[in-house]
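Have a look at the picture first, and then we can walk through it point by point.

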Amino acid sequence: MNKTIRRASVLVLLLVLALLARATWVQFYDGKALADDTLNRRNAIETYSRPLGNIIVAGNAITGSARTKGSDLAYKRTYTDGALYAAVTGYASQAYAPTQLEGIYADLLNGTDPRLKTVMDTLTGERADPGDVVTTIDPAVQKAGYRALGGKKGGAVAIDPRTGRILAAVSTPSYDPSALTDANTAGSSWQRLNADPDKPLTNRALRQPLPPGSTFKLVVASAALESGLYKDVDQHTDSPNPYRLPGTVRDMDNENPSAPCANASIRVALQYSCNNVFAKMAVDLGQDKVRAMAEKFGFNDDHQDVPVRAYTSVYPTGMDKSSTGLTGIGQYDVTATPLQMAMVSAALANGGELVFPHMVSRTVDSGGDVVQDYDGHTGTERIVSARTAAQLQSAMETVVKDGTGTNALIDGVTVGGKTGTAQHGENNSKTPYAWFTAFGKSDSTGKEVAVAVMVEQSDAARSEVSGNGLAAPVARAMMAAALKG
C-alpha cells in the first residue's frame, strides 16, 4: 500500500470514528435533552396517546380522560367538580405544563414512572399502564368550605391533627381546570383567567401568604409560656393599656376600648384579642424568641411540601422593638397561608406535636398495588410541651365560648379558636383580611379536626369585616362536616 492510500485510509477511519462518536453523543446525551424538551410535540403526543391515571377522592375518581376529535393528541384530561377541587388537583393541559398534584405526579399518571414497569414492560420498552393518586381529601369537608366561602375571595384548610391528613384545601373564587385541557381552546381560557382581577388561578389555601393578624397571637403566647415569661395562661401580664410602642408616639389600640386588657392574662388577652398585651409580650420576648417559635410551627420554611409546595409563611428579621411589637399582633411583615395557621391549631390540638400535613395518602399502580404510602410516614415534631398545649387549648376554648369566636360554636363539639382581623393597605386604607383558626373535638366520637380560614375580600362593609363574622362560620361548617357521625 503506497503512502497516499495509507493516509486516505487513516483519514476515512478517523472520519468514521468521529461520526460514531457524534452519533453516540446524540443518542445518549443530546437525545435525552431533545426528548425532554417541552417544545418536542412528540412528548405531548405520547402523553395523550391514551387515558391518564386518576386522582382519587374518597374512593372516586375526580379526573378522567376523554377521546378527542381531529387532533394528533388522542385524549384530553377531564374533571368532575373541577372548580371544587382545583386547589387540590391543579390541571393537566395539552398546552401548558401541569400543576399541583397533576404536575407532581405527572410521570405516575402518564405511565412513565419507572416504578410502574413490569418485567415485560422493561423487556419490550413499552410504557407502563398509568397509576393513580389517592388523596386524603374528605369531600364533605371540601364541599362545606367551598359552599361557606361562597362568593368571598379566600382560602381554607382542614387537617386531622393526629394524622396530618389534609381533609380540605379550598380556594375561592375557583376555576374549572377543564377549560385548560384542550390545546385548541386553552389559550383563550388562559388569557381570560389571568386577566380576571379576582385571580382564580391563585391557590389561596396554600400559596397566598397574607398578614395573619391576631391569629398569630397563638404563636406569641406559645413562646411566652415555653420561655417561662409567664407560668400559665391565667397569670396577669405586665401590660399597660394603652401600650406605647418603644421609640414611637404610637399607642396600640384595642378593637374593644372597654375590654379588660390592662395587665390581662393570656386567657383574657386571647378572649378579647388585646393588642396591648401581645405587642408588649413580643417586645419582652424579643424577636429572636418569637421567630424561633414561629419557625418551629413552620414559618420561614421554604420547602413546605404537602406534596404541593406551599408558599413560605414569613416571620421577619432585623427589626427594631416597635416593629417587633407589631409582629406580636400578626402585622408588620408577618405573613401566613391558611395551611400554616391550620398547622398552628393542629399542633396545639395534638398535645404540642405537629404531624406534618399531607394531602396524598398513597400512590398505586394500575392493579391497585401501593407504589408509595404516605400515611404515617410524613414525620412528627414536638413544637411545645403538652402542658403549654393544654393551657392554650383551654384559652382557645374560652375565645369560642365567651370571647370573639362565638360563631364557631358547634353542639356536641369542644371548639377552641382564635379570630384575626389583619389591617391592609397604606394607613390601613383597604378592607382588612378576616381570619379564624380553630380545632374541634367531638364529645361523642373523639374525632378531631384543625382548620384555618382566611377571607381576603367580601361584599361586607368594612365595619363588618371580622374574623368572627366572616371566617368563623366557614370554619364551623368545615369542622361540623369533618366531625359528623
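1. A term to begin with: a residue counts as buried under 20% relative accessible area, as exposed over 50%, and as partly exposed in between. Tyr96, at 25% relative accessibility, is therefore partly exposed. Please keep in mind throughout that this is a predicted model.

2. Let us stay with the aromatic residues. There are four aromatic pairs in the count. In one of them, Tyr96 and Trp190 are stacked, with 4.6 Å from centre to centre and 25° between the planes. Tyr96 sits in the loop between α3 (82-89) and α4 (100-104), while Trp190 belongs to helix α8, so this pair ties together parts of the chain that are 94 residues apart in sequence. Trp190 is partly exposed because its relative accessibility is 27%.

3. How many degrees lie between the planes of Phe216 and Phe299? The angle is 80°, and the pair is edge-to-face, with centres 5.4 Å apart. Phe216 is in the loop between α8 and α9, and Phe299 is in the loop between α12 and α13, so that this pair links parts of the chain 83 residues apart.

4. Asn300 lies in the loop between α12 (287-297) and α13 (321-327), and it is partly exposed, with a relative accessible area of 27%. Lys199 also has a positive phi without being a glycine, with a value near 50°. Lys199 is found in the loop between α8 and α9 and is exposed, at a relative accessible area of 52%.

5. Two cis peptide bonds are worth checking by eye. One runs from Thr172 to Pro173, with omega near -10°; Pro173 lies in the loop between β7 (166-172) and α8 (186-195). Another joins Asn241 and Pro242, where omega is about 10°. Pro242 is placed in the loop between α9 (217-227) and β8 (243-244).

6. Now for a sheet. In what order do the five strands of the open sheet run? The order is β2-β1-β5-β11-β12, and the pairing is mixed. At the edges are β2 (60-61) and β12 (370-373), each of which pairs on one side only. Inside the sheet, β1 (residues 55-57) and β5 (residues 132-135) run parallel and are joined by two bridges. Ile55 stands opposite Val133 in β5.

7. The largest nonpolar core holds 87 residues, and Ile266 and Met359 touch the most other members. Helix α14 (residues 338-349) gives the largest share of this core, eight residues. Beyond its neighbours within four places in sequence, Met359 is in contact with residues including Val88, Leu101, Thr135, Ile166, Leu206 and Val308. Another core, of 30 residues, lies apart from the largest one; Ile410, Val451, Val453 and Leu483 are among its members.

8. Helix α15 (residues 386-402) has 17 residues. From its first C-alpha to its last, α15 reaches 24 Å, close to the 24 Å expected at 1.5 Å a residue. As background, an α-helix has 3.6 residues a turn, so residues three or four places apart point the same way.

9. Finally, a loop with some local contacts. Thr445 lies in the loop between β15 (430-442) and β16 (448-457) and is partly exposed, with a relative accessible area of 40%. The side chain of Thr445 makes a polar contact with the side chain of Ser442, at 3.0 Å. A polar atom of the Thr445 side chain also lies 3.3 Å from the backbone nitrogen of Lys447. Which distance separates Thr445 from Lys484 in space? From C-alpha to C-alpha they are 9.1 Å apart, while in sequence they are 39 residues apart.

Conventions
Residues numbered from 1 in each chain as written. Predicted model: local features only at pLDDT ≥ 70, side-chain atom pairs only at ≥ 80, totals over all residues. Heavy atoms only, no water. Helix = DSSP H or I, 4+ residues; strand = E, 2+ residues; numbered from the N terminus. Buried < 20%, exposed > 50% of the residue type's maximum accessible area, 1.4 Å probe, protein only. Polar contact = N/O pair within 3.5 Å; in protein donor to acceptor, adjacent residues only side chain to side chain. Expected span 1.5 Å × (residues − 1). Phe/Tyr/Trp six-rings, centres within 6.5 Å; stacked < 30°, edge-to-face > 60°. Pairing = 2+ DSSP bridges. Core = buried A, V, L, I, M, F, W, Y, C linked by side-chain atoms within 4.5 Å. Contact = heavy atoms within 4.5 Å.
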